[in-house]
Amino acid sequence: AIYRTRQQMLSARSAALIRAVIRRSASSEMAKPGESIVDRREMHRYMVDCLTTAGAATSHARQLADVLIEGDVRGHYSHGLNRLEMYVQNLQEGSCERSGEPKILNERAGSAWVDGCNLLGPVVGNFCIDLAVKKAKEAGVGWVAAKGSNHFGIAGWYSLRAMKQGCMGLAFTNTSPLMFPTRAAKPALGTNPISVAAAGKEGDAFVLDMATTTVAIGKVELASRKGESVPATWGADARGLVSTDPDTIVKEGALLSLGGDERSGGYKGYGMASMVEIFCGILAGAQWGPNIRRWGSNAAVADLGQCFIAVDTSAFAPGFADRMQEFMDTMRGLPMSAGGEPVEVAGDMEKRHEELVHALGGIPYHPNQIEFANNLAKKLGVTPPKPI
């Protein structure tokens, strides 16, 4: 009874914090001057038109557009509209297949090894995480590793997909070598993201979606598109020296591992990126580390390795959702630091952006992103996205 009362108090406090955050987002973080609001269905239509014009099967185009839209809705603009042209080029240049299905190469009760058959990343990812969920419902845990895949968008899409089917979800992928390993003067690992999604109560959830570099390369590209400099912790030039110029980082240098240089803990980010590489490239028999194609080399086959895990929490201690909610409520309920902002958990920031999109009636885009979309539409001969 005491436990239930404490749970109710914490849950109420958490709900109040979430409502306050949402109100703040809807009232004071509306569209910035010059931004255009595009209905998500309209942007989805535009993306599908671009991808099918480039040759993708309609069902594959829709799966990819779903992931790109989710990236923008959750505020991960580096992995939404910003990434569309790359997929179009992959399709046009024939570096990925335009239709087909992934294949299971080896399978046991709780695991599977999949050949993505060089299909679009979201087609491979959806197949694999759904297979992992199916296995988790039967064996408690489902672990699926895939080779022959391509860029799959935000990793959080797949962990959330598992969570929505009643499991805790995890997703990982290797990427083109964009990170300087600690003490190295050559990029040899990718941004190698990690995502975990675990449900609490009443729609609340912990959703971690992070690169093992300080930032994803897309955020540096987005800064370049906006004509902005970047923080000194994001990347370095060809000599490994810190740079704040996004063009220098993208064209000549590489990203820094999470934590920065060795003195500030960058070796931990390097270690985490290596762990993802083992889960993905090494375990799946895909390309790995410096063997993966250079970023921007869209004519070459990527052969990315990816890993998807689903956990049926009912196979473990009872009451997972209750404890998960208590954990999140406890974190959010901690005393605030001098900055005066409430403590959050992974996913709260994205939830705020989702609520902002809801309040605006569409996704807010920077003028340069709209210009990019219009130019791509003109190249492909499709109707550009129409702002609200």
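## Helix α9 and the strands around β7

In this predicted model, helix α9 has as its buried residues G266, G269, A273, V276, E277, C280, G281 and A284. These buried residues pack against several strands, namely β3 (111-115), β4 (141-149), β5, β6 (179-180), β7 and β12 (304-311).

The helix itself covers residues 266-284, and its 19 residues reach 26 Å from the first C-alpha to the last, which is close to the 27 Å expected at 1.5 Å a residue. Just after α9 comes G285, which takes a positive phi of about 70°.

Among the strands against which the buried residues of α9 pack is β7, and this strand, formed by residues 194-199, is mostly covered, with 5 of its 6 residues buried. Strand β7 pairs in the antiparallel sense both with β5 and with β8, as the table sets out.

| Strand paired with β7 | Sense | Bridges | Example of facing residues |
|---|---|---|---|
| β5 (residues 168-173) | antiparallel | 4 bridges | F172 opposite I194 in β7 |
| β8 (residues 205-210) | antiparallel | 6 bridges | F206, bridge partner of A198 |

Strands β7 and β8 form a hairpin with 5 residues between them, and within this hairpin E202 takes a positive phi near 55°.

How values were computed
Residues numbered from 1 in each chain as written. Predicted model: local features only at pLDDT ≥ 70, side-chain atom pairs only at ≥ 80, totals over all residues. Heavy atoms only, no water. Buried < 20%, exposed > 50% of the residue type's maximum accessible area, 1.4 Å probe, protein only. Helix = DSSP H or I, 4+ residues; strand = E, 2+ residues; numbered from the N terminus. Pairing = 2+ DSSP bridges. Expected span 1.5 Å × (residues − 1). Contact = heavy atoms within 4.5 Å.
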